[in-house]
Amino acid sequence: MEDSCCQLSTISPFLMLIFLSTITTLAGAQLTGVNYGMIGDNIPPPDQVISHCKSKNIKNLRLFDPNQAALQALHGSGITVILGTLNQDVQPLGTDADFAKTWVATNVIPHTTSVTFRYITVGNEVIPGDIATGQFILPAMQNLQTALTAAGLSIPVTTVVPTGVLGVSFPPSQSVFSESSLPIMGPIISFLAAKQTPLLVNVYPYFAYSGNPKDVSLDYALFTATKPPVIDGKLSYMNLFDAVVDAMYSAIEKVESGGAVGLVVSETGWPSGGGAVGASVENALTYNKNVVAHGKSNAGTPKRPGKGLDVYVFALFNEDQKPAGTEQNFGLFYPNLTQVYHVDF
């Protein structure tokens, strides 16, 4: 996370704007949060969800789209929010400045006096799978940033990508964006560098482990290895999470001015069931407990030690309308609000 320190002895006009809009950059503090997904027919109503989050000390949430009931429930809660756009809105946001202005007027401005927005994110994992839509991500980011600025709001705009944007990911130092992703990612990275805004990335060691358990050890994926399974030059990796994050850093740094761009882990998690290899309550508890502690520690990664990382766990609930199997079992809580297992936030 690119955080900036401020002098509390003076209040600049910029800080007054932040205060009046209740937009907080939370300088110097690394965040742990949770993804608030709603792909289920039995998810509790938003007012119950937000009250539950407050009772569990969950202070940071990510919304995948501007659900108005959820935004209303967040009023006065003190919970910071990453607010996403629907993937189907990426193209109109990128081609129509008035659409972007209306999106901000509808989904952001009515809530800024009572909700703290940390980022606005354009789409979720649009690339590398949908290159046709991906070409509109940067224009959409630009149009939204312009609309926010015109409204007197300094909320940063970014996007969310999977690690699938990488063409080479191992060893971490040799990581590069894929040939299909680079034409889109390069300009996005340059935009983020100019704005000093991080890129959001979804990091899932579980899928790397479950897809290749013979070569990827469970201990390495769960943060429980006792010696570094991976050595990359002078850097030693005790866990797969750090290796994946550093692979993203390496790819970003190979883009001009990319070294200035930080990362936020917008999704990470481990399934507690679903019948697949490694999917168990015990492993889910171990992974999420360790990744939250890692995020809070400000330890950073071997490539960027001491540079803390904001981490958002996926997800609040088991969602029964997702594909059957592990996809339905990433929740920290059941829809009846009882916990699947306990993670201390």
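Predicted model: local features only at pLDDT ≥ 70, side-chain atom pairs only at ≥ 80, totals over all residues.

Tutor: Residues are numbered from 1 along each chain as its sequence is written, and side-chain values use heavy atoms, leaving out hydrogens and water.

Student: Why is α7 called roughly parallel to α8?
Tutor: Helix α7 (residues 137-150) and helix α8 (residues 182-195) pack at an angle of about 25 degrees, with axes 9 Å apart. Angles under 35 degrees count as roughly parallel (over 145 as roughly antiparallel, 65 to 115 as roughly perpendicular, the rest as oblique), so α7 is roughly parallel to α8.

Student: Which residues of α7 and α8 meet?
Tutor: I137, L138, M141, Q142 and Q145 in α7 meet P187, I188, F191, L192 and K195 in α8, where contact means heavy atoms within 4.5 Å. These residues divide into seven nonpolar, two polar and one charged.

Student: What span is expected of α8 at 1.5 Å a residue?
Tutor: The expected span is 1.5 Å times one less than the number of residues. For the 14 residues of α8 that gives 20 Å, and α8 reaches 20 Å from its first C-alpha to its last.

Student: Which residues of α8 are buried?
Tutor: Buried means under 20% relative accessible area, with exposed over 50% and partly exposed in between (1.4 Å probe, protein chains only). In α8, I184, M185, G186, I188, I189, F191, L192 and A193 are buried. They pack against several elements, including α6 (131-134), α7 and α11.

Student: What comes just after α8?
Tutor: Q196, which takes a positive phi of about 55 degrees.

Definitions and conventions: Axes fitted to C-alpha atoms, helices over the stretch in contact; angles between N-to-C directions. Helix = DSSP H or I, 4+ residues; strand = E, 2+ residues; numbered from the N terminus. Nonpolar A, V, L, I, M, F, W, Y, C, P; charged D, E, K, R; others polar.
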